[in-house]
Amino acid sequence: MAVDFKVDQKVDCTGSFCPVPIIRARQAVNAMAPGQVLEIVATDPGSKGDFRAFAKNTGHELIHTSEEGKVFKYYIRVAG
């Protein structure tokens, strides 16, 4: 699937379980400018619901998700 955004920062959380991916994502978005895109790579199946809730609760936009085998990728646009 083609995506129409540029990734500005990537956080690799493979092998980590809740709450580590959310904590690392929060740290990353806090250091980013509004409109920038964060890519999170995770292997925790529970991260699917976690990142939907993270985006909803923080006001950031979950713009794309993908699943390749046991690897999940989430793309979050930082709110302004």
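This is a short tour of a predicted model, stop by stop, for use with a viewer.

Residues are numbered from 1 along each chain as its sequence is written, and side-chain values use heavy atoms, with hydrogens and water left out. Local features need pLDDT of at least 70 and side-chain atom pairs count only at pLDDT 80 or more, while totals for chains, interfaces and linings use all residues.

**Stop 1: β1, α1 and β2**

Select residues 9-13, 20-30 and 37-42, which are β1, α1 and β2. Helices (H or I, at least four residues) and strands (E, at least two) are DSSP runs, numbered from the N terminus. β1 and β2 pair in the parallel sense over five bridges; strands pair if DSSP finds at least two bridges between them. Within this pairing, K10 stands opposite E39 in β2. Together with α1, the two strands make a right-handed β-α-β unit. A crossover is right-handed if, with the strands pointing away from the viewer, the path from the first strand over the helix to the second runs clockwise.

**Stop 2**

Now select P21, I22, A25, A28 and V29, the buried residues of α1. They lie on the same side of the helix because they cover an arc of only 125° around the axis, taken from the directions from the helix axis to the C-beta atoms. Buried means under 20% relative accessible area, exposed over 50%, and partly exposed in between (1.4 Å probe, protein chains only). Which elements cover this buried side? The cover includes β1, β2 and α2. On the face turned away from the buried side, look for the exposed residues Q27 and N30.

**Stop 3: the largest nonpolar core**

A nonpolar core is a set of buried Ala, Val, Leu, Ile, Met, Phe, Trp, Tyr and Cys residues joined through side-chain atoms within 4.5 Å. The largest one here has 16 residues, and A25, L38, I40, F51, F54 and Y74 touch the most other members. At least two residues each come from β1, α1, β2, α2 (47-58) and β4 (71-77). α1 gives the most, with four residues.

Select I40 to see its surroundings. Not counting residues up to four places away in sequence, I40 touches V11, C13, A25, F51, F72, K73, Y74 and I76. Contact means heavy atoms within 4.5 Å.

**Stop 4: the aromatic cluster**

Select F51, F54 and Y74, which form one aromatic cluster. Rings of Phe, Tyr and Trp (its six-membered ring) pair if their centres lie within 6.5 Å; planes under 30 degrees apart count as stacked, over 60 as edge-to-face and the rest as tilted. The count comes to three aromatic pairs. The rings of F51 and F54 are edge-to-face, because their centres are 6.2 Å apart and their planes stand at 75°. Both residues sit in helix α2, three residues apart, and are separated by about one helical turn. F51 is buried at 0% relative accessible area, and F54 is buried at 4%.

**Stop 5**

Select L62 in strand β3 (residues 61-68). Is L62 buried or partly exposed? At 25% relative accessibility, L62 counts as partly exposed. Leaving aside neighbours within four places in sequence, L62 is in contact with F51, R52, A55, Y74, Y75 and I76.

End at G46, in the loop between β2 and α2. G46 counts as partly exposed, at 36% relative accessibility. Its C-alpha atom is separated by 19 Å from that of K10, 36 residues apart along the chain.
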